[in-house]
Amino acid sequence: MLSRVADALFWMGRYLERVEHVARVLDVTRSVLVDIDEVDPETAKSQLRGALTALSLPDAPTEKLIFDQNEPTSLVCAISRARENARQVREVISEEMWAHLNQAYWSIQEAHSRGVHESQLSQTLGGLIAASFLWDGVADGTTARDTGWLFLKIGKFVERLDGSCRLVSVRADGPPKGGPPSSESVHWVALLRSLCAMEAYKKLHPQRVDKKHVLDFLIFDEAYPRSLRYAAVAAADFAQKCAEIHGPRGKAVERAFGKIASHLEYADIDEVDATGAAEFLRELLGELGEASALLQRAYFLQ
Amino acid sequence: MKLDDYELDPKSYDEMFTASGLVRPEYRALAQRLVEMTQSEVEQRQRQADLLLRNQGVTFTVYSDNAGIEKVFPFDPIPRLITGEEWAEVERGLIQRVQALNLFLKDVYGEQRILNDGVVDAGLVYGASGFRREMIGMLPPQSVYTHIVGTDLIRDEQGRFLVLEDNVRSPSGASYVLECRAVLKRVFRVLFDQYGVQPLDAYADWLRETLLHVSPRVSDSPTIVLLSPGMYNSAYFEHSFLARRMGATLVEGRDLVVKDGAVCMRTTNGLCRVDVIYRRIDDDYLDPVVFRPDSILGCAGLFAAYRSGAVALANAPGTGVADDKAIYPFVPDMIRYYLGEEPILENVRTYIATRDDDRKYILENIGSLCIKQTDASGGYGMLIGTQSTAEQRDEFRRRIEARPRSYIAQPVINLGRHPTVIDGKLEGRCVDLRPYVLFGDKVRVIPGGLTRVALRKGSLVVNSSQGGGYKDTWVLAGAGDKGAPTSDKASADKPLANGV
C-alpha cells in the first residue's frame, strides 16, 4: 500500500471518530444542563468549559464549533478533512464509503447555508453522530480486510483512545470544590453520557454514580467499546495485524501499542488510586503520542 | 413535453429534426417518449441525474470561481443518438487518423522522412511547443506514442462529421462518458432498453490492456500506476475513477522515486517497482532533471529510466507536436503519405498564419474567421470573428503579425445542434463529440464518446471551463441488429418541430 494512502486512511479514521466524539460531548454538555433542574449557572459554565478544554476547542458558541470553516477544530472542518483524505484515496475505499461521506459533507454544508436555529443544534449534532455511525457500518460492510482496513481502524481507535483519555483526565478530579451537592452527580452523569456509557454503566452499577466506579468503568472496563481499555486493546490488535503483514518494520509499533494495552489490562482503579487517575491518564497520553510517532515513521515516511 | 415549439436554426444541422421539422428515424422513439412526458417529469429526471452525479463526486474544478472550486459538470438528460452505420464510418476514420499520427511521431523523432520530403514544414515541427528534442532517437516500447487519443469531432452545416482537433497528449473526459452512461441508464431505464445501444463497459479493460501492452517486464502482474497531479487538479475525479476501474495504483509525484535506474513507489512495505505509468501530467512536469526544474509534480530521474526502458510512459513525451494546431492541417497529408489512403474523416479548412497567402487572407477576413492560438486549449486564446468587437479583432491582428507561428484560422462553422433541456423546455444547442481511441496491440474506439454541449444560447464553445455541459451518446447497434426501435405514434410524415 502506498505510504501516502495509508496515511490518508489513518487520518480519515481519526477525523470521523473525532466528529462523533466531539458532537456527542457538545450535545451532552448542552443537554445535561437542561435536563437537571437545579444546576446553578456556575456549575453549568464550568461543565461546558471543562468539555471544551478536553476537546481542545476554543471557548466559542456551539454553532461556531459546528459550522465555522475558519475554525480548524470545528466539526465541518473535520468532515471536510476526512472527505479530502477520502478524495485522495478514492480508488482504495469503496464507492459506498465515498458516497456516504460525500453526502454527509454536502448535508452539513446545506444545513449551514440554510441556517440552523439554536434550538435545532442538538438535531444537527445528532445527525453528525449518526453520519459517523453509518460510516462505520458502511466501512464495515464494504471494505476488504486488507492493509488499508488496518490503517483505517488503527486511526479510529487511536482517536477514540486519545479523545476519551483527554476527556476523562480533565474530568477525573470531579467538579470544582464548593459547588452545590448536586454538582457532583451532574458531573459524573455528564461524563458517562459524553462517552455514551450511561446505560452500560447502570447495568453494572444500578445503585450509584460515584467517582470511583465511574472512573473504573470508563478506564478499565473490558467489554464496553468506549472504555479506554477496550480502545487500547483494539488499537494494539490492529497494530499487531499490521506488523504481521509488514514484517520487522512493524515490530516497534506493535510493541508500543501493546504496552499501552497492557497497562490498562493489568491494572484497576484501586491500583492507580482514584486520586492518581488524572496523572495515570496523562502518562498514557504521552505513551500514545510516542506510539503514533513510531507508526508514522514505520509506515508513512519512506 | 411539447416538441412543436422547438425552434430550428436554418443555418445549422439539427441532429433530431430534419430541416423541414421531421423527426429523424432513429430519434422517433425518443421523441415519442419526450412528448409523453410532462415538463415536471423531465425536470425531475434532470434533478435525479444531478443528485446522482454529485453524490458520486463526479465533479470538476474551476479555478477562477470563488463560490466553491468543485462543480458538478452540468448534465443534460436528452441522449444523443448516432446510428450504427454512421458510427462504423467514423470509427474507421479515427483508427486511420490515429495510425497516421503515431507514424508521424515515430518519423519526426526518428528518420524525419516527412520533413525531408517537404510534406510537412520542418519549421512548424521544431517550432511546436509540444516538440521535445529529448525524444529524438528514442523508440518507445512497441513503437506506440499515442496510447490514448481523444479526437474532437463536429458536424458541419450538412451534418458531416469533421475533425476539429486531435488530443494526443493526455485527453480527459473518458470517466464522464462512463459515469454519465451509468446515470442515464437509471434515469431513462425503459427507453435505454428499447434502443439497442452499444455498451461502454469494456473501456477500463481496454485501457488496462493498452497499458499492459507496453510493460517492460514480462510478468504476470506488472505494476501499473496512474500519475496524477493530485486532488486539486481539475480532472482528479477522472484520475481516481480510471485507476479504480482498471485496478491501477493512483500515485502522485511524491509517491515515486528512482532507485537503481528503476521507478519505484513508496509503500508501507518499502519501495516497489513500477512498470507502466499512465501519466496525467504534462511533459513539462514529468521530471525536473530534464524538463521544468521547478516541477514538484513529477519525479527526478524518471525520464532517464524511461529512456533506458526500465519503465513505460503513456502517452509518450513529445506527442504534443502532433496535435499542435499548426500541424493539424497536415494530418490529411500524413494519412496519404504514410498509409497511401484517402482520409475518411475530413479536416476543417485551416489557414496557417506563417504562410504569407494565408496570413494575408486571415488579416483581411478576420471578422468571418475563428482564430486559434496553436498551443492553447480549453477554449482559451480564441477569437470567434463573427462574435467579436472591433478592438478584439485589432488586438488579434496585432498578435498574429507579431507571432504568426502561434495562430491559425478556420471559417466559423455553425456547429450541429442537439435538443437540450433549458429552463424546462427543449432548445437547440451546439454539440461536439470526443470519442476516445486506444492504441495497444490493436487500435480500438469507444463507441460514442463525450458529447459536450454549449449551454449558452448561440455559443459555439463547448468546453467545460467555458460553461459547457455534457450528454450521453448512444451509438446504436448496426444494421440487422436491434438498433432504433420502431415507433408508430411519432410518424415519419408529421412534422413535430417548427420547420423553416
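How many residues of domain 1 of chain B are in contact with domain 2 of chain B, and how many residues of domain 2 do they touch? In this predicted model, ten residues of domain 1 of chain B are in contact with 13 residues of domain 2 of chain B. The domain assignment places residues 86–146 and 201–339 of chain B in domain 1, and residues 349–411 in domain 2. The C-alpha centres of these two domains are 30 Å apart.

Between them, domain 1 and domain 2 of chain B bury about 880 Å², and carbon and sulfur atoms account for 57% of that area. One salt bridge is found across this interface. The side chains of B:R405 and B:D324 form a salt bridge, with an N to O distance of 3.3 Å. By class, the side of domain 1 of chain B that touches domain 2 of chain B consists of six nonpolar, two polar and two charged residues. Three residue pairs are in polar contact between the two domains, counting pairs with both residues at pLDDT 80 or more.

The interface between the chains was examined in the same terms. Here 27 residues of chain B are in contact with 28 residues of chain A. The area buried between chain B and chain A is about 2500 Å², with 42% of it from carbon and sulfur atoms. Of the area that chain B buries against chain A, B:M231, B:R244 and B:T268 supply 28%, more than any other three residues.

Three salt bridges are counted between chain B and chain A, and 14 residue pairs, both at pLDDT 80 or more, are in polar contact. On the side of chain B that touches chain A, the elements giving two or more residues are α2 (39–55), α9 (236–246), β7 (249–251) and β9 (262–267) of chain B. The largest share, six residues, comes from α9(B). By class, this side of chain B divides into nine nonpolar, ten polar and eight charged residues.

Over all chains, the structure holds 56 salt bridges. Side chains of opposite charge can pair when their charged atoms come close. One salt bridge joins the side chains of B:D255 and A:R4, at 2.6 Å from N to O. This pair crosses between chains: B:D255 is in the loop between β7 and β8 (256–259) of chain B, and A:R4 is in helix α1 (residues 3–35) of chain A.

Aromatic pairs were also searched for in the whole structure, and 25 were found over all chains. The ring centres of A:Y201 and A:F217 are 5.7 Å apart and their planes lie at 85°, so this pair is edge-to-face. The pair links distant parts of the chain, with A:Y201 in helix α9 (residues 198–204) of chain A and A:F217 in helix α10 (residues 211–220) of chain A, 16 residues apart.

Some backbone features of chain B lie in loops. The peptide bond from B:A314 to B:N315 is cis, with omega near -10°; B:N315 is placed in the loop between β12 (312–314) and α12 (331–339) of chain B. B:Q142 is not a glycine but has a positive phi of about 60°, and B:Q142 lies in the loop between α5 (122–126) and β4 (148–155) of chain B. B:D423, a residue other than glycine, has a positive phi near 50°. B:D423 is found in the loop between β18 (417–422) and β19 (425–434) of chain B.

Definitions and conventions:
Residues numbered from 1 in each chain as written. Chains lettered and ligands numbered in written order. Predicted model: local features only at pLDDT ≥ 70, side-chain atom pairs only at ≥ 80, totals over all residues. Heavy atoms only, no water. Domains from an automatic or database assignment. Contact = heavy atoms within 4.5 Å. Buried area = accessible area lost by both parts, 1.4 Å probe. Salt bridge = Lys/Arg side-chain N within 4 Å of Asp/Glu carboxyl O. Polar contact = N/O pair within 3.5 Å; in protein donor to acceptor, adjacent residues only side chain to side chain. Nonpolar A, V, L, I, M, F, W, Y, C, P; charged D, E, K, R; others polar. Phe/Tyr/Trp six-rings, centres within 6.5 Å; stacked < 30°, edge-to-face > 60°. Helix = DSSP H or I, 4+ residues; strand = E, 2+ residues; numbered from the N terminus.
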